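Here is a short report for a reader meeting this structure for the first time. Please look over the sequence and the model before reading on.

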Amino acid sequence: MKEKDVEIGFILKLEKGEEVISSIASFCDKRGIRGAIFTAIGAVDNLQIGYYDSGSREYFFRHEDATHEVASMNGNVALVDGKPLVHAHAVLSRCDESCATIGGHVKEARVAVTLEVFLTSLPTPLTRAMDESIGLKLLAL
Amino acid sequence: MKEKDVEIGFILKLEKGEEVISSIASFCDKRGIRGAIFTAIGAVDNLQIGYYDSGSREYFFRHEDATHEVASMNGNVALVDGKPLVHAHAVLSRCDESCATIGGHVKEARVAVTLEVFLTSLPTPLTRAMDESIGLKLLAL
Amino acid sequence: MKEKDVEIGFILKLEKGEEVISSIASFCDKRGIRGAIFTAIGAVDNLQIGYYDSGSREYFFRHEDATHEVASMNGNVALVDGKPLVHAHAVLSRCDESCATIGGHVKEARVAVTLEVFLTSLPTPLTRAMDESIGLKLLAL
């Protein structure tokens, strides 16, 4: 990962082979960032994307090995047990003539080609806490 | 809705059952916000999403009862007749193994699980005014 | 294009018939903006969207004449040979009852109806340089 501090946030360039979610979490941990929002564009492969099933209270993830364009990615970073947790949703498009898309919650994804991230650290921390009625760690505002 | 002022904007947590578009408009109205941009991720159900048909000069909306992940949502807030109007587009993905997506202009959507919004209020107001050649209230810059 | 300086960035309203990528590049060039990030919503037609094939080292673009909603668009601006280059990804939805989406890298697109852009100029320049191992001009951080 290459990093550039642009005063109003950080431009991060994740490089081919890096895992997206853990790389952003590690960057925040290293920099002492305790709350952030981000967007990203680029391409990924070896990804898991899916949804939360509120009935079974489990995530389902679809695995895709092939390269997909990151048509959009939006996420945030908040503390859980003192460590930054990345919550990211994305729309990914197939690298064939269909340009067909899938979307949802990103569990993990490996950078293919490049991923260009704009991350804004918040001046106040964000935290997550378990919401027992939902079964998820939601933002605790 | 839970709210947190993070200096560079607001983190809003919309809760299960709240309507997205009217909740964001109400928040801006209450806070005296006269111009804003926002992004959101989470999940919604009971939604209407569609497009503007410039031929018939009418919106078409597709109704979906089922829960969809908000794979992306981008929007802005501007004044119409002195009240904040929310303009939001989204990509929504099905909560099944297809992770298939639909997209467009969001008329309304009910929060399922949670919706995490990052809203930045602008220091100067935005307004919309009817553009007779288009048939829509466009940004008046 | 109509422009409004909102201190934390610019609201741009691109108008029916304007080409998106070149219009944003021209705006940055005119204003001396040497690094920026942006989001946009609206509608476009006469578009080319696709992906980078890292095997053949060529872009593939799908052409669509018909109007599509810009369900999401995220991009950045960086200098190449001293001139602003726009890198934009989008998710576009069909203006029919399917609301079906395609996504990827936007080569060009013509505004249909309107395009509402929020662009934040960075206080430090961004640049791109050829990465021979990838075959693309990547961000040089």
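**Confidence.** This is a predicted model. Chain A has a mean pLDDT of 97. In that chain, 100% of the residues reach 70 or more. For the complex, the predictor gives an ipTM of 0.97. The pTM is 0.98.

**The contact between chain A and chain C.** Chain A brings 32 residues to this contact, and chain C brings 34 residues. Together the two chains bury about 2600 Å². Of that area, 68% lies on carbon and sulfur atoms. Three residues stand out on the chain A side: Ile41(A), Val113(A) and Glu116(A). They supply 21% of the area that chain A buries against chain C, more than any other three residues.

Polar links are present too. Between chain A and chain C there are 14 residue pairs in polar contact, both residues at pLDDT 80 or more. The count of salt bridges between these chains is one. Arg128(C) and Glu116(A) form a salt bridge. Glu116(A) is also one of the three residues named above for buried area.

Which strands build the chain A side? Strand 1 (2-5), strand 2 (10-15), strand 3 (35-53), strand 5 (68-80), strand 6 (83-94) and strand 7 (101-121) of chain A each supply at least two residues. Strand 7 of chain A gives the most, with five residues. By class, the side of chain A that touches chain C has 13 nonpolar residues, seven polar ones and twelve charged ones.

**Salt bridges.** Over all chains, the structure holds 24 salt bridges. Two of them are listed here.

| Salt bridge | Closest N and O atoms |
|---|---|
| Arg128(C) with Glu116(A) | 3.0 Å apart |
| Glu3(A) with Arg31(A) | 2.6 Å apart |

Glu3(A) and Arg31(A) belong to one chain. Glu3(A) lies in strand 1 of chain A, while Arg31(A) lies in helix 1 (residues 20-31) of chain A, so this pair ties together parts that are 28 residues apart in sequence.

**Symmetry.** How does chain B relate to chain C? A rotation of 120° superposes chain B on chain C, with 0.0 Å of shift along the axis. The RMSD is 0.0 Å. That is the relation of a three-fold axis. Among the residues of chain B, Thr101(B) comes closest to the rotation axis, with its C-alpha at 3.7 Å. The copies use different surfaces: 9% of the contact residues of chain B recur in chain C.

Terms used. Residues are numbered from 1 along each chain as its sequence is written. Chains are lettered from A and ligands numbered from 1 in the order in which they are written. This is a predicted model: local features need pLDDT of at least 70, side-chain atom pairs count only at pLDDT 80 or more; totals for chains, interfaces and linings use all residues. Side-chain values use heavy atoms; hydrogens and water are left out. Contact means heavy atoms within 4.5 Å. Buried area is the accessible area (1.4 Å probe) that two parts lose on being put together, summed over both. A salt bridge is a side-chain nitrogen of Lys or Arg within 4 Å of a carboxyl oxygen of Asp or Glu. A polar contact is a pair of N or O atoms within 3.5 Å; within protein, one must be able to donate a hydrogen and the other to accept it, and residues adjacent in sequence count only if both atoms are side-chain atoms. Helices (H or I, at least four residues) and strands (E, at least two) are DSSP runs, numbered from the N terminus. Ala, Val, Leu, Ile, Met, Phe, Trp, Tyr, Cys and Pro count as nonpolar, Asp, Glu, Lys and Arg as charged, and the others, Gly among them, as polar. Copies are superposed by least squares on the C-alpha atoms of residues with pLDDT of at least 70 in both. pLDDT is the predictor's confidence in each residue, from 0 to 100.
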